[in-house]
Amino acid sequence: MPADLHPNFQSQYDAVIARNPGEPEFHQAIYEVMLSLAPIAGERPEYAQWSILKRICEPERQIIFRVPWVTDDGEVRINRGYRVEFNSALGPYKGGLRFHPSVNLSIIKFLGFEQTFKNSLTGMPIGGGKGGSDFDPKGCSNAEIMRFCQSFMTELYRHIGEYTDVPAGDIGVGGRELGYLFGQYKRITNRYESGALTGKGLTWGGSRVRTEATGYGTVFFAQQMLGTRGQSFDGKRVVVSGSGNVAIYAIEKVHQLGGTVIACSDSDGYVVDEAGIDLDLLKDIKEVRRGRLTEYADQRDSARHVSGGSLWDVPCQVALPCATQNELPAAGAKTLLDNGVEMVAEGANMPSTPEAIGLFQEAGILYAPGKASNAGGVATSALEMQQNASRDSWNFEDTEARLEQIMTDIHAVCVATAEEFGHPGDYVVGANLAGYIKVADAMVALGVI
Ligand code: NAP
């Protein structure tokens, strides 16, 4: 680990490791938050008196269940389903579902923990949770995806609801999967409870801008960061990792703001397109055909595909990691810095390792942690809940304007909190402290529960 924790927190961190063995991603997420709490160590005696830190690191509820389903060939498969309801001090648990073979309890717990502070930062009344399965949707037929989603929801439905826990999408869970999940929820409960899931389709209770929200929000946040140095996206050379939901809409917004995204990736490699990523082609391959990035290079003269390798080798002024956790290690950070990167803003959750973050901070570049910069997705999910509760539907422009305002507000809170606690310009300290204090104060108010 790159830096020592404040002595007040070291023993609590050691206790978390002992209590949650074999969960490195969960330990990493806790370490990153505890590192930021140093400015309030010894302050706020009520937090110590009510064991806030100890309680905040323990999920309120962890559900693990069997998900049996049948392939098109009649073979029975078993996957494992998870829902970790982390913290409901501020509102019903809220956070996405991830379907990816790498999913395990450690990953769901780290995501749920991060989500708690992210949701707090949005200023909306939502607690933190996360779920998913080690199911791999790649290569599955539509019918197999539907049967898996139906089986998953047949257990999950009893744990969720508008006032309890409101899941959404994440890696491997997009509009198609949410449709099958919501359909099964509706069928089992015999209720059209729109507020029980977000990321729904526009014709059945969804919100405009939800699809675009995480990517757009990340770029709105990054735009505010550039503004603190008198700059903008105009003319910037940008690299975006991933080519899924977050990456695609981050690319779209960068292009709208005058920047050029010249590279993006998937788990097989990356494409470099000096003419700028052709978004129509990328959307067609990824959203319509559900294809691979190699097809992009095949169809575009200005593009080349690099199998394997590191996307971070591509020189750029702005890097937006939008794929997955720990995708930006120290080596990638060093190369980015050597090539003159000026800003890294995270669209993914915890994509930079602690060592990489240390290098960015040491170099004094602009760096934003995902829990602040990618909060636009969940914030727009909360807007979807508002529209569902009032049986209303807002237009695209108004919804996007709300998203931009929310990201501007989160940015302002991060900047002000970092400054208040003696770390001006440090978005990590600003985001973690602002997110933590709000949840902690609510927990004090609600008593030991
Ligand atoms: P997605 O649509 O499934 O896309 C994920 C992208 O990342 C794909 O291009 C995928 O490539 C790539 N990827 C996934 N795992 C990878 C790995 N182990 N190595 C290399 N590339 C990998 O998912 P998403 O919704 O865009 O989510 C991306 C990130 O944003 C995640 O960290 C998620 O938690 C975070 N996030 C999402 C939202 C949201 O609203 N969706 C909100 C906040 C944060 P392949 O296709 O090759 O797997």
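Which residues in α9 are buried? They are V246, A247, I248, Y249, A250, I251, E252, K253 and V254. Buried means under 20% relative accessible area, exposed means over 50%, and partly exposed is in between, with a 1.4 Å probe and protein chains only.

A quick word on the source. This is a predicted model, where local features need pLDDT of at least 70, side-chain atom pairs count only at pLDDT 80 or more, and totals for chains, interfaces and linings use all residues. Residues are numbered from 1 along each chain as its sequence is written, and side-chain values use heavy atoms, with hydrogens and water left out.

α9 covers residues 245–256, 12 residues in total. Helices here are DSSP runs of H or I with at least four residues, strands are runs of E with at least two, and both are numbered from the N terminus. From first C-alpha to last, α9 reaches 17 Å, close to the 16 Å expected at 1.5 Å a residue. That expected span is 1.5 Å times one less than the number of residues.

Nine of the 12 residues of α9 are buried, so the helix is largely enclosed by the rest of the structure. What do those buried residues pack against? The partners are α8, β6, β7, α10, β10 and α16. Contact here means heavy atoms within 4.5 Å. Just after α9, G258 takes a positive phi of about 95 degrees.

Now the ligand. There are 25 residues around it, and D170, T214, S267, R292 and N349 come nearest. To be near, a residue needs a heavy atom within 4 Å. α8, α9 and β7 each supply at least two residues of this shell.

Next, some distances. An N or O atom in the S267 side chain is 2.4 Å from a ligand oxygen. For the side chain of R98, that distance to a ligand oxygen is 2.9 Å. G244 uses a backbone N or O atom, 3.5 Å from an oxygen of the ligand. Alone, the ligand exposes 890 Å², and the protein buries 82% of that. Those areas come from the Shrake-Rupley method with a 1.4 Å probe.

Last stop: S373, in helix α14. Is S373 buried or exposed? It counts as buried, at 0% relative accessibility. Its side chain reaches the backbone oxygen of E346 at 2.7 Å. S373 also touches other residues, including G217, F221 and M407.

Definitions and conventions:
A polar contact is a pair of N or O atoms within 3.5 Å; within protein, one must be able to donate a hydrogen and the other to accept it, and residues adjacent in sequence count only if both atoms are side-chain atoms. Lists of a residue's contacts leave out its neighbours within four places in sequence.
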